[in-house]
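Have a look at it first, and then we can go through a few points together.

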Amino acid sequence: MNAADILDLARMRGVMIATAESCTGGLIIGRLTDVPGSSRAVDRGFVTYSNAAKIEMLGIRPETLDVYGAVSEEIAAEMASGALKRSQAGIAVAVTGIAGPGGSDHKPEGRVCFGLADAWGIRTKTVDFGAIGRAEVRLATVDHALELLAAALRKD
């Protein structure tokens, strides 16, 4: 689903969208705000590339970072929840991952954790896109985040 359709769904639902992005560096909010009239459905985007930014801007708990690391479903959940709480949005999507190069056996290049928060709660998901290259991981992450938003906005 394209960004314009997602914005239409949000307007029909009467909710604003917020994003909390790490590995994408603002590409998700950029895709949404590329659409004319997006201000009627987009509230704000948080680009929290560093751990300090995640803590300061989204209220991520340092102990969660210590235990699980920045690339984890636990952090994605806290990012999405924090974006929802610190905005006027009714739905928030969050991403944190390893776009590459690099990674480890435990957290390989191409792993991205997604969080989605709305009136129905918080959901998380991890996707391993593989070592397909930094730009490709980031674009695949944007596409998947938009799919998650679309699916959540279609809920009855």
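1. What covers the buried residues of H6? The cover includes helix H1 (3-13), strand S1 (17-21), helix H2 (27-33), strand S3 (91-97), strand S4 (111-118) and strand S5 (121-128). Those buried residues (under 20% relative accessible area with a 1.4 Å probe, protein chains only) are Val137, Ala140, Thr141, Val142, His144, Ala145, Leu146, Leu149, Ala150, Ala152 and Leu153. Helices (H or I, at least four residues) and strands (E, at least two) are DSSP runs, numbered from the N terminus.

2. A word on the basis of this note: this is a predicted model, in which local features need pLDDT of at least 70 and side-chain atom pairs count only at pLDDT 80 or more, while totals for chains, interfaces and linings use all residues. Residues are numbered from 1 along each chain as its sequence is written, and side-chain values use heavy atoms, with hydrogens and water left out.

3. Helix H6 (residues 134-154) has 21 residues and, at 1.5 Å a residue, should span 30 Å; the expected span is 1.5 Å times one less than the number of residues. Its end C-alpha atoms are 30 Å apart, which agrees.

4. Now to the strands, which pair if DSSP finds at least two bridges between them. S1 runs parallel to S3, joined by 5 bridges, with glutamate 21 opposite valine 95 in S3. S1 also pairs in the parallel sense with strand S2 (residues 42-47), over 5 bridges; here alanine 20 has phenylalanine 46 as its bridge partner.

5. S3 pairs with S4 too, in the antiparallel sense and over 7 bridges, and threonine 96 stands opposite cysteine 113 there. Since 7 of the 7 residues of S3 are buried, this strand is largely enclosed by the rest of the structure. Ile91, Val93, Val95 and Gly97 point one way from S3, and Ala92, Ala94 and Thr96 the other way.

6. Lysine 54, in helix H3 (residues 51-58), deserves a look. Lysine 54 is buried yet has no salt bridge (a side-chain nitrogen of Lys or Arg within 4 Å of a carboxyl oxygen of Asp or Glu). The nearest side chain of opposite charge, glutamate 78, is 11 Å away; Lys and Arg count as positive and Asp and Glu as negative, with His and the chain ends not counted.

7. Finally, serine 81 lies in helix H5 (residues 73-85). Serine 81 is buried, with a relative accessible area of 15%. Neighbours within four places in sequence aside, serine 81 is in contact (heavy atoms within 4.5 Å) with Ala117 and Ile122.

Terms used:
Buried < 20%, exposed > 50% of the residue type's maximum accessible area, 1.4 Å probe, protein only.
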